[in-house]
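Here are a few notes to read alongside the model. Keep the viewer open and follow each point as you go.

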Amino acid sequence: MNALDYAVLAVALLGIAAYGIWRTRGRCDFNTYLKGASGTRWLVIGLSVMATQASAITFLSTPGQGYESGLGFVQNYFGAPLALIVVAGVFLPIYRRLNVYTAYEYLGLRFDPKTRLLGAGLFLLQRGLGAGITIYAPAIVLSTVMGWRLDATIVCSGLVVVAYTVTGGSAAVNLTQKYQIGVIFAGMVAAFIVLVAKLPAGLTAGDALALAGGFHRLEAVDFSLNVDRRYTIWSGLLGGMFLALSYFGTDQSQVQRYLSGSSLRESRLGLMFNAVFKIPMQFFILLLGVLIFVFYQFERPPVFFNRAAWEHAAEHGSGVRLRALDADFARAHSDERAQIQAWLAARHAGDRQAEASARAAVDEAHGRGAAARDKTKEQLGGAGSRPTANDADYVFITFILDHLPHGLIGLLVTAFFAAALSSKAGELNALGSTTTVDVYRHIIKREASDAHYVVASKCFTAFWGLVAIGFALFAHLAENLIQAVNILGSIFYGVVLGLFLVAFFLKRIGGTAVFWAALAAQGLVFALYAELSISYLWYNVIGCAACVALSAAIQCAIGMSGAGGRAPRAP
Amino acid sequence: MNPPPDDENTGLPGLRTWRRVYLAVVAVFVVWVGLLVALTRMFP
């Protein structure tokens, strides 16, 4: 990065944060602080919901997933449109009618205080842990590639988001997210245009897709019934729907976003905006990764994208072995590139026999290159230079730094930070609100002025911000970052969704039954996660089903008479 | 006939009830999945 890139980064990031603080200065009304400005329109809500979900991990890591595994990850989002319809049609009208600040307030009105605390506690536990990852994930990748200090990157980005979230509350979050998502989209579209322009002259769109398809990178939909496969249409539709239903319907970081709508109509349209655009957005980001894969068939990629880890190992005793593997990889890539040219020529000539022959040679050379990469990873692990993130997470940032012009590099790095700040702000806002409304105001100080609760909410938001920064400073991750976030969510979301489904649809089940059922179901999910190797999306279904079934069983055991829930009334 | 309450009015031309909006969203979803299946099959 040069001075121009740093200028773009500083002006865009600090400018948006300062604008958010300035526009929301002096607002101390509790309702506005927690729910945002009363006139929030559907597009702002839609963008805000999108920005809260799409963290920096989404934009850094997802192209790497496309590069390594192709489009299959898009199936993870197949359940989202259907879930959003259920949230808009069932959950949202109830929240608005009861005029609640948090989703867990509803559990208190429907069941009892302990169930409300359980719902809020599971959210705070899961989201509090996840909050550290949303800061750590982009920081580890960006600091490694840029040579920045990891702790300084975490602390600086963390403090910026804490500053404007604490100052302006929900209104500042909505306002800044609108501009941050604009920067993100501009950066991603610019990267896409540059990437397409850099593909070899004469390579048609059909060639590029055929090439990607030849390497199994366009297998977007998998109808396999094998539950061990991480992404299939079935796990995406069913598990993804439960995950999305729980995330959009019961996670306060999302509930708070759409409750800020000026009317039910605005909130619903904001959700429908996401239902329509979520899948194409994820497809576009994955396709970017697939096209980077095609690009690197003609341009030699590094044998290992995390070059800092490679160089560290090379300087500490593994240099000879690593350089030999690098030479093997270079030879394999050179052969592969020549065979791809032959394959494309045969394809253009319509010579099926030559095409099949060249294709087999491409596969053989690709296999040698992949073997060199695998041995490099083993060597790095053996040399004690075990990287703290999957190498796929470094693919996109490596492409940006090596092949984008200055100015655009700054824009893309700004986009990653904007994504980190926007999702972080939504999470901190929700963590602060839930702690204030469901714990502090509910248990510790029931009667106080609005101004007192605003101060308390600011303190709790700052507290969670510091917890997230602290967690990020000491976190160490091994798996692909976006998967780590989804796995963590899937472990808790199913049970929380079960609590809400019982609340909405099983009117005869009371608080005691659902409370113990939720605890048992959560224990079951922990045990199964430790024992099984099934796709993590299924834990959303298992946790939810276990919570609902156990609630019914316990309610039957303790007797139905007089145990049912109460009809919730607005507080 | 009484006009629908403000929240019931979707304000979208051609999609005046929420049921129609939801059906339109499902239709768009089916189109996306269909296109992705076609992409998978076209470039095996």
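1. Let's begin where the two chains meet, keeping in mind that this is a predicted model. On one side, 22 residues of chain A take part, and they are in contact with 19 residues of chain B. Which helices of chain A each supply at least two residues to the side that touches chain B? They are α5 (80-98), α9 (205-214) and α12 (264-298). The largest share comes from α12(A), with eight residues. Sorted by class, this side of chain A has 16 nonpolar residues, along with three polar and three charged ones.

2. Now hop over to chain B and find helix α1, residues 18-42.

3. Next, zoom out on chain A, which is divided into two parts: domain 1 (3-20 + 38-296 + 398-558) and domain 2 (307-386). How far apart are the centres of domain 1 and domain 2 of chain A, taken over C-alpha atoms? The separation is 35 Å. Five residues of domain 1 of chain A are in contact with five residues of domain 2 of chain A. On the domain 1 side, α9(A) gives the largest share, four residues. By class, that side has two nonpolar, two polar and one charged residues.

4. Last, a helix pair inside chain A. Two packed helices are described by the angle between their axes and the distance between the axes. For α1 (residues 3-23) and α16 (residues 408-444) of chain A, the axes come within 7 Å and cross at roughly 35°. The crossing of α1(A) past α16(A) is right-handed. From α1(A), the residues involved include Leu4(A), Tyr6(A), Val8(A) and Leu13(A); those they meet in α16(A) include Ile409(A), Val413(A) and Phe417(A). Counted by class, the contact of α1(A) with α16(A) has twelve nonpolar, two polar and one charged residues.

Methods
Residues are numbered from 1 along each chain as its sequence is written. Chains are lettered from A and ligands numbered from 1 in the order in which they are written. This is a predicted model: local features need pLDDT of at least 70, side-chain atom pairs count only at pLDDT 80 or more; totals for chains, interfaces and linings use all residues. Two residues are in contact if their C-beta atoms, placed from the backbone, lie within 7 Å. Ala, Val, Leu, Ile, Met, Phe, Trp, Tyr, Cys and Pro count as nonpolar, Asp, Glu, Lys and Arg as charged, and the others, Gly among them, as polar. The expected span of a helix is 1.5 Å times one less than its number of residues. Domain bounds come from an automatic or database domain assignment. Axes are lines fitted to C-alpha atoms, for helices over the stretch in contact, and angles run from 0 to 180 degrees between N-to-C directions. A crossing is left-handed if the near helix is turned anticlockwise from the far one by less than a right angle, and right-handed if clockwise.
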